[in-house]
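Hi everyone, thanks for coming. Have a look at the picture first.

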Amino acid sequence: MHANCVHKQIIYTMAQNKGAIVRYRALDKCLRSKHRKYDMAGLIQACSEALTEAFSTPMSVSRRQVIYDMHHMESNAGYCADIETYHEGGKKAYYRYSDPDFSIEKMPLSDDEMDQLKETILMLNRFKGMPHFKEMEGLLRKLEDTFHLKGSEDSVIGFEQNPDLQGLENITPLFEAIVNKQVLQIRYKSFKANKPITCEIHPYFLKQYNNRWFLFGWNTEFNDITNFALDRIEAISPMLGEYKPKPEDLNFDEYFDDIIGVTIPQNKRVEHIVMRVAPDRYPYIKNKPLHPSQHNYDKEYRIAIDVIPNNELIALLLSFGSQLEVLEPQSVRDMMRDHVKTLNKFYK
């Protein structure tokens, strides 16, 4: 799952949970009040005001929602609350707890709250290695132990991540440097280099691709944007100097639109790449596109993408072996042919 999508899902889930908790607490305050009687209109108003205050935006709830919330509070999945309806000198109905000393604040976590807590812990556990996670990790372990959320149960979901990946320790200092607009000196040794180089970098963005992390920033030596694999960074230290802000026309939400991976070759343009796919492989590539620009031609088992050719593209296409053939342009066919010729030498 793309990192932006995960972040939005967590925010959405937490907002939903927060809204429910705000309503339950508002109802709890009304139902145990010894100074005011609450009818349905009063409960609706109290919940609406509590939500508006919690989310800093005008919000309201329906009668149906309040009734549903009270039913939930009465249920075993909720708080086992005993809510009674009573009348005083007329037909208007009022609501209160049968036990005036009852409060959901005094109750242990409900089944629903426990489930929500488990889901939240599962989501947050995905962010191991991210900035400030070490502090959060201790809290999560304490929650698991206190509420017996982990126990001896086996895992039921697996995420694609490598806890032994080198360079994860660099995420926190780089993340903080980006946020604080701090110029950095980085000692970096690529796989191809015989010795490391030292660069002055103005960091802008961190991106994960193919289970590796990359830093993008302004390289003063090249006077251009450069990317650095975090697992090849040997040292990071802050530097004195004026931070060069990210160019106004540089939007990292769009920066990678025309490529696969993280490498943008210089002086190359977007190519319309047409491929023939083996019939038994075609449904998989159709359902999991190689790139957002992908077009599918079902009758011919062909696909087409519009990207700038780079090493990551060629590596991806080669991973399909004989089940994918590049038809055009000729320049990309030539790149594939050269790699296949080299492979052929190994397997004669």
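Let's start with helix H2, residues 40-55, and helix H3, residues 63-74: their axes come within 10 Å and cross at roughly 90 degrees. That makes H2 roughly perpendicular to H3, a label for angles of 65 to 115 degrees. Axes here are lines fitted to C-alpha atoms, over the stretch in contact for helices, with angles from 0 to 180 degrees between N-to-C directions. Helices (H or I, at least four residues) and strands (E, at least two) are DSSP runs, numbered from the N terminus.

A quick word on the source: this is a predicted model, where local features need pLDDT of at least 70 and side-chain atom pairs count only at pLDDT 80 or more, while totals for chains, interfaces and linings use all residues. Residues are numbered from 1 along each chain as its sequence is written, and side-chain values use heavy atoms, leaving out hydrogens and water.

Now, the sheet. In what order do the five strands lie? They form an open sheet, E6-E5-E4-E3-E7, with antiparallel pairing; strands pair if DSSP finds at least two bridges between them. Strand E6 (224-229) and strand E7 (233-238) stand at the edges with a single partner strand each, so one side of each has no neighbour in the sheet. From one strand to the next, the twist averages 45 degrees. Helix H6, residues 171-180, packs on this sheet and touches E3, E4, E5 and E7, where contact means heavy atoms within 4.5 Å. The direction of H6 makes about 95 degrees with that of E4.

Key:
Parallel < 35°, antiparallel > 145°, perpendicular 65-115°, else oblique.
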